[in-house]
Amino acid sequence: MTERLYYTDSYLREFSARVVERSGDLLYLDRTAFYPTSGGQPFDTGAIAGVSVVDVFEDGERIAHRTAAPIDGEEVACAIAWDRRFDHMQQHTGQHLLSAVFAELHRASTLSFHLGEESSTIDIDRPSLDARAMRAAEERANAAVVENRPVMVSFEDAAAAPGLRKPSGREGTLRIVGIEGLDRSACGGTHVRATGEIGPILIRKLERVRDALRVEFLCGFRAVRRARADFDSLTKVAQMFSSSLDEAPGMVAAHMEASRAAEKQVRRLAGEVARYRGHELYDAAQPGPDGLRRYTERAAAGGLEELRAVAQSFTARPKAVYVGVLQNPPSVLLAVSADAGIDAGKLVKEAVSTVGGRGGGTARMAQGSVPDPAALGGVVRTLEC
């Protein structure tokens with residue numbers, strides 16, 4: 001069994017320990033302050049005998065430390081990467097505080113917690129929460145931060161531990177983390193001494209996940225950095241529109257509306273151009289011996305959709321066959337008039353399948369693709385017949 005020093009002192013940065021076992025790149029110590037991945041909180045990093053610690057995890061009652069290189073010696077000096085540890089302490093204590101607030105204000109229980117590299121999340125047993133309720137929870141949590149309530153750790157018998165926010169389901173001695181007047185939870189994680197050390201709490205996003213609501217949040221320095229990044233981004237947007245920060249959202253909305261209107265106009269004009277071009281191509285095409293007017297259009301790249309409007313215009317006239325050919329990706333489009341006597345879907349499917357391609361469509365219009373541009377020639381000749 002490994003003595004877990006972080007249980008009683010989350011602020012311990014340096015310590016010495018005795019090596020009790022080595023197994024490849026794994027090291028087992030008689031005691032450790034390195035927190036292993038557990039309960040939604042990632043592992044600590046740092047160094048053992050000057051060698052980087054790259055992973056820490058529970059192995060039964062023991063804690064295994066994976067190091068970047070083998071370590072010699074029986075007594076080793078260890079150091080925790082403090083910036084990472086304190087960040088995790090801020091996020092995890094902030095989670096306890098937020099979970100207590102959601103339970104207090106909205107009767108929402110926390111189902112799970114995850115501390116990520118960029119942000120943290122809690123899943124609560126509510127299908128939804130409106131913006132007003134979210135802001136109320138955020139403000140209540142930050143008020144508790146300002147109150148600088150003590151965060152206490154105690155060890156109590158599970159059968160007699162009162163007032164837990166969530167039943168632990170375990171027997172024996174529990175490690176209880178409490179926020180004075182707000183919360184008591186069974187937890188093995190690392191935490192700050194008082195809520196003031198959590199720093200600002202910022203709720204970023206609410207997302208429905210199955211029957212629960214996922215709350216994304218940041219605490220402390222993470223919240224400050226994110227708020228600064230958000231402010232800088234909004235400032236740049238405001239500068240683009242020569243507006244104030246408060247006016248920027250309205251300016252963006254107006255610009256998007258104008259952009260949508262312009263795109264709609266462009267599509268309308270493009271459709272008119274395609275219809276005019278289709279009629280022009282039809283008038284220029286000479287009827288063949290069978291009375292059909294044929295036109296084949298080739299494009300190096302793009303999409304068949306760009307040819308579809310022209311094809312529809314061309315074949316809106318009688319006795320018409322339009323073939324569109326795209327080199328990249330290698331594909332074809334066939335459109336025919338109602339009186340052409342050709343089933344476009346059937347013809348395209350047969351033509352491309354002979355060279356390992358796929359295709360199909362309606363009797364009036366169909367498209368297909370082939371695996372190799374070299375196969376296009378034979379397919380096109382079939383469609384032009």
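The residues lining the second largest pocket divide into four nonpolar, three polar and nine charged, where Ala, Val, Leu, Ile, Met, Phe, Trp, Tyr, Cys and Pro count as nonpolar, Asp, Glu, Lys and Arg as charged, and the others, Gly among them, as polar. The structure is a predicted model, in which local features need pLDDT of at least 70, side-chain atom pairs count only at pLDDT 80 or more, and totals for chains, interfaces and linings use all residues. Residues are numbered from 1 along each chain as its sequence is written, and side-chain values use heavy atoms, with hydrogens and water left out.

The second largest pocket has a volume of about 270 Å³. Of its 16 lining residues, Glu117, Glu118, Ser119, Leu218 and Arg222 are the closest to its centre. A pocket is an open set of points on a 1 Å grid over the protein atoms alone, where a 1.4 Å probe fits, with protein on both sides within 12 Å along at least five of seven lines; lining residues have an atom within 4 Å of a point. The volume is the space filled by probe spheres set on the points, which are joined across faces, edges and corners. At least two lining residues each come from α1, β15 (212–219) and α3 (220–240), and α3 gives the largest share, four residues. Helices (H or I, at least four residues) and strands (E, at least two) are DSSP runs, numbered from the N terminus.

The largest pocket holds about 800 Å³ of space. Its lining comprises 29 residues, with Gly39, Arg170, Ala186, Cys187 and Gly188 nearest the centre. By class, this lining has 11 nonpolar, 12 polar and six charged residues. Strand β9 supplies the largest share of the lining, four residues.

Helix packing was examined for two pairs. The axes of α1 and α2 (residues 131–146) come within 9 Å and cross at roughly 125°; axes are lines fitted to C-alpha atoms, for helices over the stretch in contact, and angles run from 0 to 180 degrees between N-to-C directions. α1 is therefore oblique to α2, as angles under 35 degrees count as roughly parallel, over 145 as roughly antiparallel, 65 to 115 as roughly perpendicular and the rest as oblique. The contact (heavy atoms within 4.5 Å) includes Leu97 and Phe102 of α1 and Ala133 and Arg140 of α2. This contact has 11 nonpolar, one polar and two charged residues.

For α4 (residues 248–284) and α5 (residues 305–314), the axes come within 7 Å and cross at roughly 50°. Among the contacting residues are Arg275 and Tyr282 of α4 and Phe314 of α5.
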